[in-house]
Amino acid sequence: MKPAVSPYVLSFQTEPFHRKTRYHWMICLADAPDQLLSWGHAPTKELAEEAARNEVANLTSGQTEGGRVISTIKAFTNRC
């Protein structure tokens, strides 16, 4: 019996952002790795991994069509 293989490929990238680090995650199809299905970012690696896993589950179940996943972190709108 063959093990189940995910049709999606996850990748992660770090980026310096306002004196901190932001973690980007991207989801592509395994048979079309140059086609971006979904992406987002989070302030920690753990949150980025969790958001990516949730998005893969949503893609697999058909609950989302992909695209940018809005960050759960509130945007910084006022500067002093």
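Helices (H or I, at least four residues) and strands (E, at least two) are DSSP runs, numbered from the N terminus. The model shown is predicted, so local features need pLDDT of at least 70 and side-chain atom pairs count only at pLDDT 80 or more, while totals for chains, interfaces and linings use all residues. Residues are numbered from 1 along each chain as its sequence is written, and side-chain values use heavy atoms, with hydrogens and water left out.

**View 1. The order of the elements.** From the N terminus on, the elements of the protein run β-β-β-α-β. This comes to one helix and four strands. Of the 80 residues in the protein, 22% are buried; buried means under 20% relative accessible area, exposed means over 50%, and partly exposed lies in between (1.4 Å probe, protein chains only). Contact means heavy atoms within 4.5 Å. Among the contacts with a separation of 6 or more, 33% are between residues 24 or more positions apart.

View 2. The strands β1 and β2 pair in the antiparallel sense over ten bridges; two strands pair if DSSP finds at least two bridges between them. One of the partners is Trp 25 in β2, which is bridged to Phe 12. The hairpin has two residues between the strands. His 18 lies in the loop between β1 (8–17) and β2 (20–29), and its phi is near 50°, a positive value in a residue other than glycine. Arg 19 is in the loop between β1 and β2 too, and has a positive phi of about 65° although it is not a glycine. His 18 is exposed because its relative accessibility is 53%. Arg 19, at 90% relative accessibility, also counts as exposed.

**View 3. The salt bridge of Arg 22 and Glu 15.** The structure holds one salt bridge, that is, a side-chain nitrogen of Lys or Arg within 4 Å of a carboxyl oxygen of Asp or Glu. Here the side chains of Arg 22 and Glu 15 meet, at 3.2 Å from N to O. Arg 22 is found in strand β2. With a relative accessible area of 17%, Arg 22 is buried, whereas Glu 15 counts as partly exposed at 28%. Leaving aside neighbours within four places in sequence, Arg 22 is in contact with Gln 13, Thr 14, Glu 15, Phe 17, His 41 and Ala 42.

**View 4. The largest nonpolar core.** A nonpolar core is a set of buried Ala, Val, Leu, Ile, Met, Phe, Trp, Tyr and Cys residues joined through side-chain atoms within 4.5 Å. The largest one has nine residues in all: Tyr 8, Trp 25, Ile 27, Leu 37, Ala 42, Ala 48, Ala 52, Val 56 and Leu 59. At least two residues of this core come from each of β2, β3 (32–42) and α1 (45–61). The largest share, four residues, is supplied by α1. Ala 42, a member of this core, is in contact with Arg 22, Tyr 23, Leu 47 and Ala 48, leaving aside its neighbours within four places in sequence.

View 5. With 17 residues, α1 reaches 24 Å from its first C-alpha to its last, close to the 24 Å expected at 1.5 Å a residue; the expected span of a helix is 1.5 Å times one less than its number of residues. The buried residues in α1 are Ala 48, Ala 52, Glu 55, Val 56 and Leu 59. They are on the same side of α1, because they cover an arc of only 105° around the axis; the arc is that of the directions from the helix axis to the C-beta atoms. What covers these buried residues includes β1, β2 and β3. On the face of α1 turned away from its buried side are the exposed residues Glu 46 and Arg 53. Gly 62 follows α1 and has a positive phi, near 85°.

**View 6. Val 69 and its contacts.** Val 69 is found in the segment after β4 (67–68). A relative accessible area of 27% makes Val 69 partly exposed. Not counting residues up to four places away in sequence, Val 69 touches Trp 25, Ser 38, Trp 39, Gly 40 and Glu 55. Val 69 and Trp 25 are 44 residues apart along the chain, and their C-alpha atoms are separated by 10.0 Å.
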